[in-house]
Amino acid sequence: MLEVSQLSKNFGALAATQSVSLKLAPGARHALIGPNGAGKTTLINLLTGNLRPDAGSITLAGEDMVPLKAHQRARAGLARTYQINSLFLEFTPLESVAVAIAQREGQAFRLFGFRKFGAAAGEEAAALLEAVGLGSHLHDRVSLMPYGQQRLLEVALALAGKPKVLLLDEPAAGVSNEASRRLFDVIEKLPADLAILLIEHDMRLVFRFAHRISVLVGGAVLTEGLPSEIAADPRVREVYLGSRHAA
Ligand SMILES: Nc1ncnc2c1ncn2[C@@H]1O[C@H](COP(=O)(O)OP(=O)(O)O)[C@@H](O)[C@H]1O
Ligand SMILES: [Mg+2]
């Protein structure tokens, strides 16, 4: 579904991404781990089109993504979660997701009076929110929702675009342990054909989620394999040795 080949990005003298290759099959549950500064977020930014690579290729279902802008890649099926933008804070979850669905459908809307959406979008939005565990919060005000629920809403917003690949960059950052468990319950139940690339520091969550793991160090892939192979790899242990994220 997603094929990344020999992708490179330099920031001045810093090789932030060094010839990274990665393949996600439909339905992949792939984790990207590595120490702080390894280049994980940079890789996500290259995939989404927020950064342009210096070299290498990115294809989604065979389509070259590199010439496409970020919104075109999103429309092609490459989604990431963003922190809820300020526009949505005054909305309810139902309104936010319904607007995202209306946007996907190319329905014209104006910035003001923006809360109007069709019944079909409303129904689909309610079902999506139900699926992420926000079914009893359809009409809450987003700005007043706890942080953990806002993270769930961000997942629903990403899903509203009907993506083929979902990129999750530390989705549980800053939420309580309990909210983070709930978030991962939801992530585990996402559609089986959706390919997911997850960046996560908590190794218990990584090993619970991932079917394959890539380890990024200094911008390059140190190794890639099954969770059992990664856990047993002495080079990976060395990278994490003495770190609080020890595998
Ligand atoms: N826009 C940028 N300009 C210059 N350096 C950057 C930029 N973004 C990230 N970096 C550097 O690239 C390296 C990788 O950063 P990042 O991708 O955020 O790592 P990670 O997400 O793995 O912690 C770091 O050394 C960081 O300081
Ligand atoms: Mg990061």
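Is glutamine 6 buried, partly exposed or exposed, and at what relative accessibility? Glutamine 6 counts as exposed, because its relative accessibility is 51%; the classes are buried under 20% relative accessible area, exposed over 50% and partly exposed in between, with a 1.4 Å probe and protein chains only.

The model is predicted, so local features need pLDDT of at least 70 and side-chain atom pairs count only at pLDDT 80 or more, while totals for chains, interfaces and linings use all residues. Residues are numbered from 1 along each chain as its sequence is written, chains are lettered from A and ligands numbered from 1 in the order in which they are written, and side-chain values use heavy atoms, with hydrogens and water left out.

**First stop: glutamine 6 and its sheet**

Select glutamine 6 and display its backbone torsions. Its phi is near 50°, a positive value in a residue other than glycine. Glutamine 6 is placed in strand E1, residues 2-11; helices (H or I, at least four residues) and strands (E, at least two) are DSSP runs, numbered from the N terminus.

E1 belongs to an open sheet of 4 strands in the order E2-E1-E4-E5, with antiparallel pairing. The edge strands, each pairing on one side only, are E2 and strand E5 (63-64). Two strands pair if DSSP finds at least two bridges between them. Strand E4 (residues 55-60) runs antiparallel to E1 and is joined to E1 by 5 bridges. To locate this pairing, select valine 4, which stands opposite isoleucine 58 in E4.

**Second stop: ligand 1**

The shell consists of Phe11, Leu14, Ala16, Pro35, Asn36, Gly37, Ala38, Gly39, Lys40, Thr41 and Thr42. Coloured by class, the shell divides into 5 nonpolar, 5 polar and 1 charged; Ala, Val, Leu, Ile, Met, Phe, Trp, Tyr, Cys and Pro count as nonpolar, Asp, Glu, Lys and Arg as charged, and the others, Gly among them, as polar.

Now display the distances to oxygen atoms of the ligand. A backbone N or O atom of glycine 39 lies 3.0 Å from an oxygen atom of ligand 1. For lysine 40, a side-chain N or O atom is 2.8 Å from a ligand oxygen. For threonine 41, the distance from a polar side-chain atom to a ligand oxygen is 2.9 Å. On its own, ligand 1 has 560 Å² of accessible area, of which the protein covers 57%, by the Shrake-Rupley method with a 1.4 Å probe.

Move to strand E7 (165-169). E7 is largely enclosed by the rest of the structure, because 4 of its 5 residues are buried. Strand E6 (residues 78-80) runs parallel to E7, with 3 bridges joining them; here leucine 78 has valine 165 as its bridge partner. E7 also pairs in the parallel sense with strand E8 (residues 195-199), over 5 bridges, and leucine 168 stands opposite leucine 198 in E8.

Finally, select glutamate 170, in the loop between E7 and helix H7 (177-188). Its phi is likewise positive, near 50°, and glutamate 170 counts as partly exposed because its relative accessibility is 26%. Display E7, H7 and E8 together: they make a right-handed β-α-β unit, in which, with the strands pointing away from the viewer, the path from the first strand over the helix to the second runs clockwise.

Methods: Near = heavy atom within 4 Å. Polar contact = N/O pair within 3.5 Å; in protein donor to acceptor, adjacent residues only side chain to side chain.
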